[in-house]
Amino acid sequence: MSGGERKLLGRWGEGLVAEDLRKKGCRILAANWQCRMGEIDLIIADKRYLRFIEVKLRKDDRFGKAREFVDQRKQERIRVTAQLYLAGHPTTLQPRFDVAEVYAPEGVKTRAPQINYIENAFF
């Protein structure tokens, strides 16, 4: 799979997660928010939390759970990026870091991708 195809597949997974959370009453504030320090896949607001969500899409968990690919280095980059977002977007909501695992065995042709949410995945 080429880099472009991988990126499109990732965006597809992020769209699935965004739509799922929208149906659950969340507001999508930003998708693929970028700054000089990194990128946050989704920034979501619900009644209590401002959720910074890292989306990981995999065909299966043969090589480990998707959440395991959000290592310490990636977590730190997300934290710093979130701080920069908050500096420009003050809020009274409590920030939280979540990971959304998307399992799609047949890629975009998967009829019912499985989405798992890991709330408070890291601090």
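Modeller: Before we start, a residue is called buried when its relative accessible area is under 20%, exposed when that area is over 50%, and partly exposed in between, using a 1.4 Å probe and protein chains only.

Biologist: OK, so why does asparagine 32 count as buried?

Modeller: Its relative accessibility is 19%, and the cut-off is under 20%, so asparagine 32 counts as buried. Bear in mind that this is a predicted model, where local features need pLDDT of at least 70 and side-chain atom pairs count only at pLDDT 80 or more, while totals for chains, interfaces and linings use all residues. Residues are numbered from 1 along each chain as its sequence is written, and side-chain values use heavy atoms, with hydrogens and water left out.

Biologist: Where does asparagine 32 sit, and what makes its backbone stand out?

Modeller: Asparagine 32 is in strand S1; strands here are DSSP runs of E with at least two residues, helices are runs of H or I with at least four, and both are numbered from the N terminus. Its phi is positive, about 55°, although it is not a glycine. Most residues other than glycine have a negative phi.

Biologist: What about asparagine 120: which strand holds it, and what is its phi?

Modeller: Asparagine 120 is in strand S5, and again phi is positive, about 50°, without the residue being a glycine. Its relative accessible area is 37%, which lies in between the cut-offs, so asparagine 120 is called partly exposed.

Biologist: And why is valine 108 called exposed?

Modeller: Its relative accessible area of 51% is over the 50% cut-off, so the label is exposed. Valine 108 belongs to the loop between S4 and S5. It still touches Leu9 and Trp12, leaving aside residues up to four places away in sequence; a contact means heavy atoms within 4.5 Å.

Biologist: Why does lysine 56 count as buried?

Modeller: At 15% relative accessibility, lysine 56 is under the 20% limit, so it counts as buried. This strand S3 residue touches Ala66, Phe69, Val70, Ala100, Glu101 and Val102, again not counting residues up to four places away in sequence.

Biologist: How do you know that the span of H1 agrees with what it should be?

Modeller: The expected span is 1.5 Å times one less than the number of residues. For the 21 residues of H1 that gives 30 Å, and its end C-alpha atoms are 30 Å apart, so the two agree. H2 (residues 72-88) has 17 residues and reaches 25 Å, close to the expected 24 Å.

Biologist: Which residues of H2 are buried, and what makes them line one face?

Modeller: Lys74, Gln75, Ile78, Thr81, Ala82 and Tyr85 are the buried ones. Down the axis of H2 they fall within an arc of 130°, so they line one face of the helix; the arc is that of the directions from the helix axis to the C-beta atoms. On the other side of H2, Gln72, Arg73, Gln83 and Ala87 are exposed.

Biologist: What makes S3 and S4 a pair?

Modeller: Two strands pair if DSSP finds at least two bridges between them. S3 and S4 are joined by 10 bridges and run parallel, so they qualify under that rule. Arginine 51 stands opposite arginine 96 in S4.

Biologist: Which hand does the crossover from S3 to S4 have?

Modeller: The chain goes from S3 through H2 to S4, and this β-α-β crossover is right-handed. That label applies if, with the strands pointing away from the viewer, the path from the first strand over the helix to the second runs clockwise.
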